[in-house]
Amino acid sequence: MSAPARPRHSTVEDGVLHVRTVRVTDPVDLAAHVPADASAVWLRHGQGMIARGEAWSVSTAGADRFAQASAAFRELAACAVVRDEVGRRTSGLVALGTFSYADSSQRPSTMLVPQAVLGVEAGEAFLTVTAVGAEPELPEHWQDLFPATAQPDSLQITVEADHTPLEYQKLVADAVAAVAAGEAEKVVLSERSTVTAETAIQPSVLAARLSRLYPSCWVYRIGDVVGASPEMLAQTEDARVDSRVLAGTRPVADGGQLEDADRAAFHRDPKERSEHAFAVDSVVQRLAGVAERIEASAEPYVLHLPGLEHLASDVSAVLRPGVTSLDVAARLHPSAAVSGTPREQADAIIARLEPHDRGGYASPVGWMNAAGDGQWAIALRMAHLVDEHTVRLQAGGGLVAASDPVSEHAEVLAKTRPMLRALRGEDPEHLHGA
């Protein structure tokens, strides 16, 4: 057995970061100030963080990537000098991160502490600046670091999937056959599409557009991933953890919503309920090792998003002492909502039918503060940034014995539409239920 990969991190000259957070009294529309060189973006309902620069980072790989990154950040935080006059979860010292799906992934998992963060939480705006070895200098005005940004023209794009519709449907049929044969109870298979544009693709613009199109999703841009996730893997605050589980999907044409009768039928559908139950059970079972008083929704509810509706359940619990948000995310990943159940058997089928590295797809993406609280969404409705003119979209769906290949292919196509709309620069006004 090879030795675990050692974490690689940027040097801090005297081992100490100096962090300063001050209030911003102006009203701030974060999506209107995402800089072209943003190092990280985290937005939902007009709140969150936009960041520039990198004061510190850590890069890890392998089965211990979560633990190594967490330990490196905790070591950094223990020595940091922090002056925070705001006292919010996202003020002060915060690291944002993106992790790889598989233990064997060649893509590094990273966490970074930005040099500057403009944030809004609970309606209160703030600016955080960080420097190495000395007190950071504050700009005269926060807009010196985060000026208003203009929206460029829409992109003309071409889209090419890894498989033809019939090829992908054959893969789905093979996975369903494996489930029917008893190899697993549920498998989540995904498809990739490569998008190319004649002019440069700007990740910061994609993030800003996604936040306008899908304000109820957690919009992220960290490292090589950008997207708008509807699914919160783990968020913690004051020893409490919450997780939103999505499994079971109905695509809806033209960004609309299901009719009441169709929604009721979807909510009752045995195939969808079975798939959803697997996902909820996987979260509840894995939380048992790090939390107590675990509670889950008695019944799933239908979550409405433009063009998609999901069965959703909320799970909450009380964390055991010393457990951080990243500890919880590591324990829950990958949930049955993105891998299947049992996990090992599902992953074996995925490896057989989906041999490419998932990279950052369907993996934890989010942030953690010095106290260990944070938010880690599942990197869904996403794209990998390949080069200046290319992104690679990835989306998948849960398969059980009753799954239909044609319907499952339609679901995957529907899950790529959020990124395609952002790439094309579509107007959010025609979308409903965001």
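Two strands count as paired here if DSSP finds at least two bridges between them. Strands (E, at least two residues) and helices (H or I, at least four) are DSSP runs, numbered from the N terminus. With that in hand, here's a quick tour of a predicted model, in which local features need pLDDT of at least 70, side-chain atom pairs count only at pLDDT 80 or more, and totals for chains, interfaces and linings use all residues. Residues are numbered from 1 along each chain as its sequence is written, and side-chain values use heavy atoms, with hydrogens and water left out.

**Overall build**
- You're looking at a chain with eight helices and 24 strands.
- Its radius of gyration (over C-alpha atoms) is 21 Å, close to the 22 Å from the globule rule (2.2 Å times the number of residues to the power 0.38) for 434 residues, so the chain is as compact as a globular protein of that length.
- The C-alpha trace spans about 60 × 50 × 40 Å along its principal axes.
- Of the contacts (heavy atoms within 4.5 Å) between residues at least 6 apart in sequence, 75% join residues at least 24 apart.

**Surface and charge**
- Buried residues (under 20% relative accessible area, 1.4 Å probe, protein chains only) make up 57% of the 434 residues.
- The chain exposes about 17500 Å² (Shrake-Rupley method, 1.4 Å probe), and carbon and sulfur atoms supply 50% of that.
- On the charge side, Lys and Arg count as positive and Asp and Glu as negative, leaving out His and the chain ends; each charge is placed at NZ of Lys, CZ of Arg, CG of Asp or CD of Glu.
- The mean positions of the 38 positive and 58 negative charges are 3 Å apart.

**Strand S24 and its partners**
- Strand S24 covers residues 390-399, and nine of its ten residues are buried, so the strand is largely enclosed by the rest of the structure.
- One antiparallel partner is S12 (residues 186-197), joined to S24 over ten bridges; Val187, for instance, has Leu399 of S24 as its bridge partner.
- S23 (residues 382-387) also pairs with S24 in the antiparallel sense, over five bridges, and here Leu385 has Val391 of S24 as its bridge partner.
- S23 and S24 make a hairpin, with two residues between them.

**Lys415, a buried lysine**
- Lys415 sits in helix H8 (residues 405-424) and is buried, with a relative accessible area of 10%.
- Leaving aside residues up to four places away in sequence, Lys415 touches Thr249, Leu308, His310, Arg381, Ala395, Gly396 and Gly397.
- Lys415 and Arg381 are 34 residues apart along the chain, with 6.1 Å between their C-alpha atoms.

Definitions and conventions:
Buried < 20%, exposed > 50% of the residue type's maximum accessible area, 1.4 Å probe, protein only.
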